[in-house]
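Colleague: Before I rely on the labels attached to this model, I would like to hear how each one was reached.

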Amino acid sequence: MRRAIAAIVARDLKRMLRQRGRLVSSMVRPLIWLFVIGTGFQGMLEGLGRGGYQRFLVPGLLSMVVLFGSLLASLSMIYDKESGVMRMLIIAPLPRAVVLLARTLGATLIGICQALLLMLILFALGYLGVPRDPALCALGLAAQALVCASLGTLIAVFSKALEDFAVIMNFVIFPVFFLSGALYPIEHLPDVLKAVALANPFSYGVDLLKHALGPEALFDPDFSVGKDLLAMLTFVVLALAVACRRFSQAPVFESLTRAFTAPKRH
Amino acid sequence: MSTPAAILTEGLAKSYGAVVALAGLDLAIEAGQFFALLGRNGSGKTTTLQLLSTLLRPSAGRAWVAGNDILSAPLAVRRHIGMVFQEPALDRNLTAMENLRFAGALSGHNARTVRERASALLQLFGLTDARDTPVGALSGGMRRALDIARGISHRPRILLLDEPTIGLDVQNRRAIWQHLGRLRSEEGTTLLLTTHHLEEAAGCDRVAFMSRGRLIGQGSPNELVGALGEYVLEVETESPAETASHLRPRFGEPLVEGERLLFRVAGGAVSLDHLTHELRAHARAIRLRRPDLNDVYLWIHRDPPDDHPEGGVGPEGAAGAS
């Protein structure tokens with residue numbers, strides 16, 4: 001079983017490295033935010049007498065890379081109906097839950113790798129210094145990636161209609177990102193949006209990275225490190241427990257089986 | 001329960017709401033046998049393979065694969081089987097070798113065993129030159145061969161194949177059958193496959209015909225073809241109804257296939273010269289030939305038996321001639 005899990009994870013990472021174009025575009029996305037949105041807001045805030053917005057964005061941008069990298073990687077397991085790999089996985093002598101958890105682990109590592117790459121770029125560009133707390137930074141990235149991968153896995157096992165990328169963008173990625181404290185502090189949000197942000201596990205990852213990355217942030221973190229970790233851990237455990245349970249249930253698995261194995265002409 | 005049979009099913013059934021995909025299948029396949037399930041689309045062949053490979057749960061009945069209950073020991077079942085789906089179970093982005101190694105690792109074998117086995121399989125299937133080619137760049141025939149190699153990368157005792165030659169040209173179909181023959185002779189693998197190409201199934205030890213989720217007949221190809229009759233008289237005519245009523249008293253009820261009438265006859269019963277002369281106004285062609293599995297298929301679908309005795313093919317009157 002250990003070998004099987006290692007093989008699944010290694011395959012995910014190998015694929016990420018081979019798809020260079022995708023890797024490059026996943027780096028370009030946060031840089032566009034940094035230079036376009038960041039510059040615009042920075043200018044506006046400077047006019048109001050406050051600066052440093054681009055640096056404030058850094059934890060959010062690292063989280064953004066993790067969100068796209070990990071969430072899409074774990075989602076892809078279901079919405080790629082052409083996937084021959086899924087056929088290989090469902091016929092392997094592995095419990096269903098192990099397949100699910102191994103893919104989640106692979107997706108987590110993809111998010112971490114992409115975030116580390118972006119950190120190097122931001123460091124080279126002068127937008128990121130040495131983290132105040134490197135260990136906490138590593139923990140934060142790992143936890144944020146695991147949250148995003150688990151969220152993708154959870155959506156994947158429940159999704160029938162979510163095969164459209166645009167739907168996932170509009171109803172998952174955008175709300176999760178915008179209502180997380182990545183772009184503005186949660187405390188200034190109106191009550192309803194604030195409640196959503198507090199229920200959003202991604203918010204706590206952004207917050208944890210604010211703790212870890214340093215003193216230069218424009219705004220203070222919203223929560224304590226302990227609260228961040230507890231919220232993320234709770235979400236991951238719940239999400240994966242529900243996902244594994246659902247994935248192992250006959251009807252869900254059977255519809256997957258039929259989708260993956262049924263001949264096209266039927 | 002343990003059983004000497006490689007595959008055993010008892011009243012195995014699967015339905016989706018009101019739709020019955022499989023309606024009580026009783027099947028026994030001995031170890032080392034080359035067994036083909038034949039039938040039209042929707043007859044339950046694919047469902048049978050998916051139940052046996054634990055990808056579906058039966059609605060009723062039981063089944064054992066290599067002695068393991070498909071319901072209570074699905075992991076043990078999957079450990080003993082290889083499965084080749086209609087669509088390849090391969091990663092297009094990985095090379096042929098990487099795919100085999102990935103499949104081997106999924107079964108929990110160590111890296112060295114997996115590597116050696118993968119090399120041997122590439123050789124067995126004539127894919128050594130394609131070793132480092134990404135699957136996306138392989139031809140359809142090579143991909144299918146690789147997919148079968150993938151299916152046996154963990155040395156399963158039983159290999160299930162769903163239409164292994166579908167979508168392939170004649171040459172590649174022949175190559176796949178050669179691979180399967182070699183697999184059986186060199187590794188003693190039990191093979192259970194479904195196919196539409198009846199002429200291909202003639203080389204199997206045993207075939208079973210399925211229709212509407214039921215078994216409607218089984219036996220060795222020779223037995224089944226022999227039981228059909230000594231010869232098949234084939235008359236191609238523009239007026240099938242008229243010709244049929246003309247010939248019925250002598251040769252019995254024909255099987256009508258469009259403008260073709262097929263009669264099961266004994267060798268001495270027909271004088272072709274006489275018949276050609278007699279039917280000159282109606283018949284475009286008259287042939288007397290040995291029956292084959294296609295004929296068995298046609299007759300068995302026309303006259304499905306109420307119950308399914310071993311080797312029972314159809315109505316009485318069939319002269320044994322094998």
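Predicted model: local features only at pLDDT ≥ 70, side-chain atom pairs only at ≥ 80, totals over all residues.

Colleague: What makes the residues at the chain A and chain B contact count as touching?

Modeller: The test is that C-beta atoms, placed from the backbone, lie within 7 Å, and the contact takes 22 residues from chain A and 25 residues from chain B. On the side of chain A, helix 1 (2-18), helix 4 (84-91) and helix 11 (250-261) each supply at least two residues, and that side divides into 13 nonpolar, three polar and six charged residues.

Colleague: How are helix 1 and helix 5 of chain A placed at their crossing, and is its hand right or left?

Modeller: Helix 1 of chain A packs against helix 5 (residues 96-125) of chain A at an angle of about 35°, with the axes 9 Å apart, and the crossing is right-handed. A crossing is called right-handed because the near helix is turned clockwise from the far one by less than a right angle. Among the residues that meet there are A:Ile5, A:Val9 and A:Leu13 in helix 1 of chain A, and A:Ala102, A:Leu109 and A:Cys113 in helix 5 of chain A; the residues of this contact divide into twelve nonpolar, one polar and two charged.

Colleague: Why are strand 3 and strand 8 of chain B said to pair?

Modeller: Pairing requires at least two bridges, and five join strand 3 (residues 34-39) of chain B to strand 8 (residues 190-195) of chain B, so the two strands pair. They run parallel, and B:Phe35 has B:Leu192 in strand 8 of chain B as its bridge partner.

Technical notes: Residues numbered from 1 in each chain as written. Chains lettered and ligands numbered in written order. Contact = placed C-beta atoms within 7 Å. Helix = DSSP H or I, 4+ residues; strand = E, 2+ residues; numbered from the N terminus. Nonpolar A, V, L, I, M, F, W, Y, C, P; charged D, E, K, R; others polar. Axes fitted to C-alpha atoms, helices over the stretch in contact; angles between N-to-C directions.
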